[in-house]
Amino acid sequence: MGGTNPYIQQSEAQPATRKFTITFLPMNKTVEVDPEKIPYGVTGLPGSILDIALAHGIDVDHSCGGVCACSTCHCIVRAGGRTLSEMTDAEDEELSFAPGLSPDSRLSCQSVPNGEQDLVIEIPAWNRNAVREGH
Ligand code: FES
């Protein structure tokens, strides 16, 4: 499932225009992001952490299909957070329902890196069992 949520203010995030990497924890898997391939799929904002994760076999939970209507795609940004798109009020509100919140929490479907720095993203322990490496 993918698309946009017509009931919220849409993010003005712009996908990256240069190559960068994201290291996903705790599996410690580093993926290279190629701007030429964005959007990788149809789930989450184009070039979002969720879009990138799913394309690389990292099955982050995304119950609402990446339209900012749940909090299952919660992630914690361990490095590179300043390169992410600004949090919208809608993301802030949905994120408030996620268990295990930290000051560095974001919704992966709404967070779009601009590629100026490599990132380290942790999938929280509470949904870690749902994360598997495919392919
Ligand atoms: S997948 Fe539902 S808010 Fe991100």
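A nonpolar core is a set of buried Ala, Val, Leu, Ile, Met, Phe, Trp, Tyr and Cys residues joined through side-chain atoms within 4.5 Å. I kept that in mind while looking through this predicted model.

**Entry 1: the core.** I looked up the largest nonpolar core and found 26 residues in it. Phe20, Ile22, Phe24, Val60 and Ile121 have the most contacts inside this core. Next I asked which elements supply at least two residues each. They are the strands β1 (20–25), β2 (29–33), β3 (74–79) and β5 (119–122), along with the helices α1 (49–55) and α2 (89–95). Helix α1 gives the most, with four residues.

**Entry 2: Ile121.** I then picked Ile121 and listed what it touches, leaving out residues up to four places away in sequence. Its partners are Ile22, Thr23, Phe24, Leu25, Ile49, Cys75, Ile76 and Val77.

**Entry 3: salt bridges.** How many salt bridges are there? I count two.

I started with Glu122 and Arg78, whose side chains meet at 2.7 Å, N to O. Glu122 sits in strand β5 and Arg78 in strand β3, so this pair ties together parts 44 residues apart in sequence. Are these two buried or exposed? Glu122 counts as buried at 17% relative accessibility, while Arg78 is partly exposed at 46%.

The other salt bridge I noted joins the side chains of Arg106 and Glu91, at 2.8 Å, N to O. Arg106 belongs to strand β4 (residues 105–107) and Glu91 to helix α2, so I jotted down a link between distant parts of the chain, 15 residues apart. Arg106 is buried, with a relative accessible area of 9%, and Glu91 is buried as well, at 1%.

Definitions and conventions: Residues numbered from 1 in each chain as written. Predicted model: local features only at pLDDT ≥ 70, side-chain atom pairs only at ≥ 80, totals over all residues. Heavy atoms only, no water. Buried < 20%, exposed > 50% of the residue type's maximum accessible area, 1.4 Å probe, protein only. Contact = heavy atoms within 4.5 Å. Salt bridge = Lys/Arg side-chain N within 4 Å of Asp/Glu carboxyl O.
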